[in-house]
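Open your viewer, get ready to select a few residues, and we will go from stop to stop.

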Amino acid sequence: MKMHSLHCACCGPVTEKVLWAEPVSEEAFAKRIASRLSNSLLVTFAQKAEEDGGENGGDEFLDEELALAALLALLLFTRGQAAKTKLFDLFDTENASTALMDDALIEFEKAMKAPLSNVEKNDFKAIIGRLMNTGAAQVQGGLTGTNISNTAGVGTIMDGYPTVGTSAAFLYLRLEEAILNFTERFISPGVRSGIENVLANTNPTAPHSYTDLKFLVDSRLQGTAYWDVVANATASRSYHYGLLKAANIQNFRTYAFVAVIDNVTTPICRALNGRTFRVQTALDLMEDAFASEDLDTYKDIMPWFTSAEGIEEADEETLASAGIMIPPLHARCRSTIRLIA
């Protein structure tokens, strides 16, 4: 992986803070997610712009972003509820050994990382397709009678697992990668470490106490912060890909980077606000990223950035070569683009 001349999140360690909710009942969590999903699908664009605020209004893709986050959170919670039974049963036994707990944890991980079902695939495909078309609909002149998700190089994302090298394939595949990452990074290490600590410090003749471990698993299965980040990245890239694809078809040549300017605007988006870029360059960048053969290359072409150092002084070519021209550029990025001519 090459090192960028401008500071980015992919070239060094990044401290991630994920806030976990206090565990609640299964019914309470299901109601919370159902309410969020329902609200996200019912809010109008006008209401979203008003609620999101900022100098330039709100995200045109917030509806689908919230729906995607809700579906991902519900998916992992549902899997966890079904998969944790054997693990939790062992927590309460006097005979729980490291080996038995390790076997149970491996089974838990396997269930959590299972392939998506056809129903789950269709839900995600539908949202990604809507996002692309929502972006395409923003282009002046429109694409009458054209479904951007069915244009050359894009349609395969709607049909099962696309082959590596297909345009936009990673938008779909990264959802599965995010599910694997969630289990391997945010659940398994904490549970495994906790099991070892409990077994090492518990009187062998007394029942084992795994209250803290149950709390950890339940709270992380009910967390939405991680899925908000995943959904924002997927939604923003799907939306902007559809917009750029349609803009290129309609012969637009340039666009302006538009940041939502308020008290939480990041330095990098503030520095890029109003900067202009070429539509073809941006589209080529996205399609190169989506055609990459591995996730590291994808992140190298379209990295997230942690510093605005050098942004204001850099020209368009320098910014484009570092992947700094298309939102999202960081977690929960609200920026978008506006076509010029």
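Start by selecting M101, A104, L105, F108, E109 and M112: these are the buried residues of helix α4. Keep in mind that you are looking at a predicted model.

Now show the whole of α4, residues 98-112. The helix has 15 residues and spans 21 Å from its first C-alpha to its last, close to the 21 Å expected at 1.5 Å a residue. Turn the view until you look down the axis of α4. The buried residues fall within an arc of 140°, so they line one face of the helix. What does the face turned away from the buried side carry? Select A99 and K110, the exposed residues there.

Next, visit the largest nonpolar core, which has 89 residues. Select L87, W227, L244, Y255, L272 and I324, the residues with the most contacts inside this core. In soluble globular proteins, nonpolar side chains tend to be buried together.

Zoom in on W227. Leaving aside residues up to four places away in sequence, W227 touches A69, L72, A73, L76, A178, I179 and F182.

A disulfide needs the two sulfur atoms within 2.5 Å, and a search of the whole structure finds 0 disulfides. Both cysteines are buried: C269 has 2% relative accessibility and C333 has 0%.

How values were computed
Residues are numbered from 1 along each chain as its sequence is written. This is a predicted model: local features need pLDDT of at least 70, side-chain atom pairs count only at pLDDT 80 or more; totals for chains, interfaces and linings use all residues. Side-chain values use heavy atoms; hydrogens and water are left out. Buried means under 20% relative accessible area, exposed over 50%, partly exposed in between (1.4 Å probe, protein chains only). A nonpolar core is a set of buried Ala, Val, Leu, Ile, Met, Phe, Trp, Tyr and Cys residues joined through side-chain atoms within 4.5 Å. Contact means heavy atoms within 4.5 Å. Helices (H or I, at least four residues) and strands (E, at least two) are DSSP runs, numbered from the N terminus. The expected span of a helix is 1.5 Å times one less than its number of residues. The arc is that of the directions from the helix axis to the C-beta atoms.
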